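Dear colleague,

I am passing on the structure that follows, and below it I have written out what was found. Please read the notes with the structure open beside them.

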Amino acid sequence: MRYFATYLIYAAVLIRAAGWSQDSDPIPQPAWILLFVFGMLLFSERIVTRSFPWYPRLYILIQSGLVIAMLYSAPQVDIFPMLFFPLSFQAVQYFSARLGFACIGVFSLAMAGMLLAGMDFGPWIVMLIFSSGANAMMGSFAW
């Protein structure tokens, strides 16, 4: 049951991304590919972790890299930071609270770098505050 929320978040991002492509500039194809790979890893994580107990460490690293790549390949898409929500939950669940919340801090730093990538200040600060708070909430819930 605890994975259900992470799957719902991914589904929400997919639906909004599809709507985004119809509302404004289309999302670049590499971002769609990264989003698909993220989903494949998300849905296969439980199965792979049963066979390889070390896999969550690699999983968090790869998934974080995918989200960061999506953020920087399509900075105008405001929904991609939501993909850090399931990762925040999983990071605290897989690791100690200290390391899990350190991962959440890294997620916030990755979003902070979006300003340097050319995002406007107003939307950037809202995204950073909202997403960082939601990531901390997801981590707290997992803890």
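Which pattern does the protein chain follow when it is read along the sequence? The pattern is α-α-α-α-α-α, and the count is accordingly given as 6 helices and 0 strands, where helices (H or I, at least four residues) and strands (E, at least two) are DSSP runs, numbered from the N terminus.

Before the details, a word on the basis of these notes. This is a predicted model, in which local features need pLDDT of at least 70 and side-chain atom pairs count only at pLDDT 80 or more, while totals for chains, interfaces and linings use all residues. Residues are numbered from 1 along each chain as its sequence is written, and side-chain values use heavy atoms, with hydrogens and water left out.

Overall form

The protein chain has a radius of gyration of 15 Å, which agrees with the value near 15 Å for a compact globule of 143 residues; the radius is taken over C-alpha atoms, and the globule rule is 2.2 Å times the number of residues to the power 0.38. Along the principal axes, the C-alpha atoms fill a box of roughly 40 × 25 × 25 Å. Of the 143 residues, 43% are buried, a term that means under 20% relative accessible area, with exposed meaning over 50% and partly exposed in between (1.4 Å probe, protein chains only). Among contacts with a separation of 6 or more, 66% join residues 24 or more positions apart, a contact being heavy atoms within 4.5 Å.

The charged side chains number 6 positive and 5 negative, and the centres of the two sets lie 24 Å apart; Lys and Arg count as positive and Asp and Glu as negative, while His and the chain ends are not counted, and the place of a charge is NZ of Lys, CZ of Arg, CG of Asp or CD of Glu.

The nonpolar cores

A nonpolar core is a set of buried Ala, Val, Leu, Ile, Met, Phe, Trp, Tyr and Cys residues joined through side-chain atoms within 4.5 Å. In the largest such core, which has 36 residues, Phe 38, Met 70, Phe 80 and Leu 83 touch the most other members. Each of α1 (2-23), α2 (29-51), α3 (55-73), α4, α5 and α6 supplies at least two residues of this core, and α3 gives the most, with 7 residues. Apart from this core lies another, of 5 residues, among them Ile 9, Phe 85, Ala 134 and Met 138.

Leaving aside residues up to four places away in sequence, the partners that Phe 80 touches include Val 13, Ile 27, Leu 35, Val 67 and Met 70.

Helix α4 (residues 84-94) is mostly covered, since 9 of its 11 residues are buried, including Phe 84, Phe 85, Leu 87 and Phe 89.

In helix α5 (residues 97-112) we find Ser 108, which is buried at a relative accessible area of 16% and touches Leu 128 and Ser 132, not counting residues up to four places away in sequence. Ala 97 also has its place in helix α5, but with a relative accessible area of 24% Ala 97 is partly exposed.

Helix α6 (residues 121-142) holds Trp 124, which counts as buried at 9% relative accessibility. The C-alpha atoms of Trp 124 and Asp 78 are separated by 9.0 Å, although these residues are 46 apart along the chain.

With best regards
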